[in-house]
Amino acid sequence: MNPHILATLLFGLGLGTTITFASSHWLLAWMGLEMNTLAIIPLMAQHHHPRAVEATTKYFLTQATAAAMLLFASTTNAWLSGQWEIQHISHPVPVAMITLALALKVGLAPLHAWLPEVLQGLDLTTGLILSTWQKLAPFALLLQIQPADSHALIALGLASTLVGGWGGLNQTQLRKILAYSSIAHLGWMILVLQFSPSLTLLALLTYFVMTFSTFMAFKLNNSTTINMLATSWSKAPALTSITPLILLSLGGLPPLTGFMPKWLILQELAKQDLALTATFAALSALLSLYFYLRLTYAMTLTMSPNNLPGTAPWRLSSQQATLPLALSSSAATCLLPLAPATMAL
């Protein structure tokens, strides 16, 4: 892609998110979300193969539906209350509609079916943008409206953690596994949104760091399936020893960074007398942990069958920049000791 066009599209992505962040009016927030969607669509379709075009079309239709529902809900709220302010939304009907529209935008269960299909059709770089940056604007709106119906949020959160765990069990495509991982992590964030918005923000930022590391590691290895992970040791031995730690951090195992948000969320749910919800969430994390362990096993304990001519291309040194991956992988594995400082903040 032409660098000038790429810079314009990335600027549009940033501007759309910033407009949504800064807006207190529903129309401006909707406009920011639309700019965000329209800026990423050319990035998704840039390779022009049928799978990418199909994924782009699915994404466009899903986001257009969510945006139309959001606009209709905010208009309904203005009709009922005379207010266009995001903070002054009080009627339960528009609140429920806006919550569902934003859930569709980020891919929460049961409105999640588009996410694995779309992510599977994209290259890893665009998939990374879709899994991280595109979640910022809808989450900013969810944090602002603070839906009062905690039962609906808990139902959405539990459904997402369970679907994210069950859905990834029989997958062999890494992008689909990361999509189900995204759904499960979003479920954890939604569970605690009503009780501690700052904890939701912490979980979101931690998820961004770990997902960035995972996507960058797979991109450096040029891996898109579990079988291709078996060749990692020949390509990048050092990276192969670090990536399992990043994957286990995504699963939430101590003493890695990913344990911090899950531990704090379970603690908060227990404080709110939601012990049963916390139990279900913790059990659903075991499902996700299973497919992270599958990836770890494929990467470290199996080797692809190879012959002498076949090993040469695998040993070619990569030209990609590794500094971002080094920084993010360090953050994705070593931040747990900062948990007390994070809680103090």
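Predicted model: local features only at pLDDT ≥ 70, side-chain atom pairs only at ≥ 80, totals over all residues.
## Overall fold

The chain contains 18 helices and zero strands. Its C-alpha trace extends over about 75 × 50 × 35 Å along the principal axes. The radius of gyration is 20 Å, which agrees with the value near 20 Å that a compact globule of 345 residues would have.

The UniProt record, an unreviewed entry, places the feature "transmembrane region" at residues 60-80, 92-115, 151-170, 177-195, 201-221, 233-254 and 274-293. Two of these spans can be set against the model. Residues 92-115 are 71% helix and 0% strand, and the C-alpha atoms at the ends of that span are 28 Å apart. For residues 151-170 the figures are 85% helix and 0% strand, with the end C-alpha atoms 30 Å apart.

## Helix packing

| Helix pair | Axis distance | Angle |
|---|---|---|
| α1 (residues 3-22) and α2 (residues 26-44) | 7 Å | about 155° |
| α8 (residues 150-167) and α9 (residues 174-193) | within 7 Å | roughly 160° |
| α8 and α15 (residues 275-300) | 7 Å | about 25° |

**α1 and α2.** These helices pack at an angle of about 155°. Angles over 145 degrees count as roughly antiparallel, and that makes α1 roughly antiparallel to α2. The crossing of α1 and α2 is left-handed. On the α1 side, the contact is formed by L6, L9, L10, G12, L13, L15, G16, T17, I19 and T20. The α2 side supplies L28, A29, G32, L33, M35, N36, A39, I40, P42 and L43. Sorted by class, this contact holds 14 nonpolar, six polar and no charged residues.

**α8 and α9.** The axes of α8 and α9 cross at roughly 160°, which makes α8 roughly antiparallel to α9. This crossing, too, is described as left-handed. From α8, the residues in contact are L153, I154, L156, G157, L158, S160, T161, V163, G164, G165 and G167. Their partners on α9 are Y180, I183, A184, G187, W188, I190, L191 and L193. The contact of α8 with α9 has 12 nonpolar, seven polar and no charged residues.

**α8 and α15.** Helix α8 also packs against α15, at an angle of about 25°. Angles under 35 degrees count as roughly parallel, and α8 and α15 are therefore roughly parallel to each other. α8 passes α15 in a left-handed crossing. I154, L158, T161, L162, G164, G165 and W166 of α8 meet T277, F280, A281, S284, L287, S288 and F291 of α15. By class, the contact between α8 and α15 comprises eight nonpolar, six polar and no charged residues.

Some α8 residues occur in both of its contacts. I154, L158, T161, G164 and G165 are among the α8 residues that touch α9, and these residues are also among those that touch α15.

## Local backbone features

The peptide bond joining A109 and P110 is cis, with omega about 5°. P110 sits in the loop between α4 (92-106) and α5 (114-120).

P255 belongs to the loop between α13 (237-251) and α14 (259-271).

H48 is a residue other than glycine with a positive phi, near 60°. Its place is the loop between α2 and α3 (50-81).

Conventions. Residues numbered from 1 in each chain as written. Heavy atoms only, no water. Axes fitted to C-alpha atoms, helices over the stretch in contact; angles between N-to-C directions. Helix = DSSP H or I, 4+ residues; strand = E, 2+ residues; numbered from the N terminus. Parallel < 35°, antiparallel > 145°, perpendicular 65-115°, else oblique. Left-handed = near helix turned anticlockwise from the far one by under 90°. Contact = heavy atoms within 4.5 Å. Nonpolar A, V, L, I, M, F, W, Y, C, P; charged D, E, K, R; others polar. UniProt positions renumbered as here; feature names shortened; annotations may be inferred. Rg over C-alpha atoms; globule rule 2.2 N^0.38 Å.
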